[in-house]
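Here is a structure to read alongside some questions. Please look it over before going on.

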Amino acid sequence: MLKPAAIAGQVILYGAFASFIGYFATSPKYRQIPPDVALIKLSISHLGDRECRKRTPEELAKLPPNMRAPLDCPRERSDIKLEVDLDGQPAFRTVMHPTGLYKDGVSTVYKRFELKAGVHQVAVRMNDNRTKPGFNFVKEGEVSLAPAQVMVIDFNPDKGGLFFK
């Protein structure tokens, strides 16, 4: 049987522990970003293009009849080149490499940009086939960001490529 002093000690210690947890669960205010700042998140996952080449008639003649595909496409995916400009200044440049043992997986990038709230010029360019010069996906526009607003730059080939949301 517990003594009254032991019970009182446990109540005091449990109460102190609960107060400690309660204070730190509510009191220190945490803000992910300052109140006058907006956030742009670049989040892209995309399969790079395959670098196929057309076989010559001589190459096709050397192959067995059941293997005479006109295009020779390796399993490996292409690197993806990505550029982001904010207000006319380069903000981010990268080359995304495909994942996977055979470099046939998805290429992924995630980046955050904190900007003062207001109107900004955003330009995003992407090339998913390193054999083709230039950029085959481009999205440029003027965006108005409110304080604490989050805008996402994403890619979906079914929606025409790059888009802001």
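The questions and answers below concern a predicted model.

Q: Is His120 buried or exposed?
A: His120 lies in strand E7, which covers residues 118-127. Its relative accessible area is 10%. Buried means under 20%, so His120 counts as buried.

Q: Which side chain makes a polar contact with the side chain of His120?
A: A polar contact needs a pair of N or O atoms within 3.5 Å. The side chain of His120 has such a pair at 2.8 Å. The partner is the side chain of Asp87.

Q: Which backbone oxygen does the side chain of His120 reach at 2.6 Å?
A: The side chain of His120 also has a backbone oxygen at 2.6 Å. That oxygen belongs to Lys116.

Q: Where is Gln10 found, and how far is Gln10 from Val124 in space?
A: Gln10 is found in helix H1, residues 4-26. With a relative accessible area of 40%, Gln10 is partly exposed. Gln10 and Val124 are 114 residues apart in sequence. From C-alpha to C-alpha, the distance between Gln10 and Val124 in space is 61 Å.

Q: Is Phe17 buried or exposed?
A: Phe17 lies in helix H1. Its relative accessibility is 53%. Exposed means over 50%, so Phe17 counts as exposed.

Q: What accessible area does the nonpolar patch with Phe17 have together?
A: Phe17 forms this surface patch with Phe20, Ile21, Tyr23 and Phe24. Together, these residues have an accessible area of about 570 Å².

Terms used. Residues are numbered from 1 along each chain as its sequence is written. This is a predicted model: local features need pLDDT of at least 70, side-chain atom pairs count only at pLDDT 80 or more; totals for chains, interfaces and linings use all residues. Side-chain values use heavy atoms; hydrogens and water are left out. Helices (H or I, at least four residues) and strands (E, at least two) are DSSP runs, numbered from the N terminus. Buried means under 20% relative accessible area, exposed over 50%, partly exposed in between (1.4 Å probe, protein chains only). A polar contact is a pair of N or O atoms within 3.5 Å; within protein, one must be able to donate a hydrogen and the other to accept it, and residues adjacent in sequence count only if both atoms are side-chain atoms. Patches are made of residues with over 30% relative accessible area and no salt bridge: like charges are joined within 9 Å, nonpolar side chains (Val, Leu, Ile, Met, Phe, Trp, Tyr) within 5 Å. Accessible areas come from the Shrake-Rupley method with a 1.4 Å probe; for residues, only the protein chains shown count as cover. A salt bridge is a side-chain nitrogen of Lys or Arg within 4 Å of a carboxyl oxygen of Asp or Glu.
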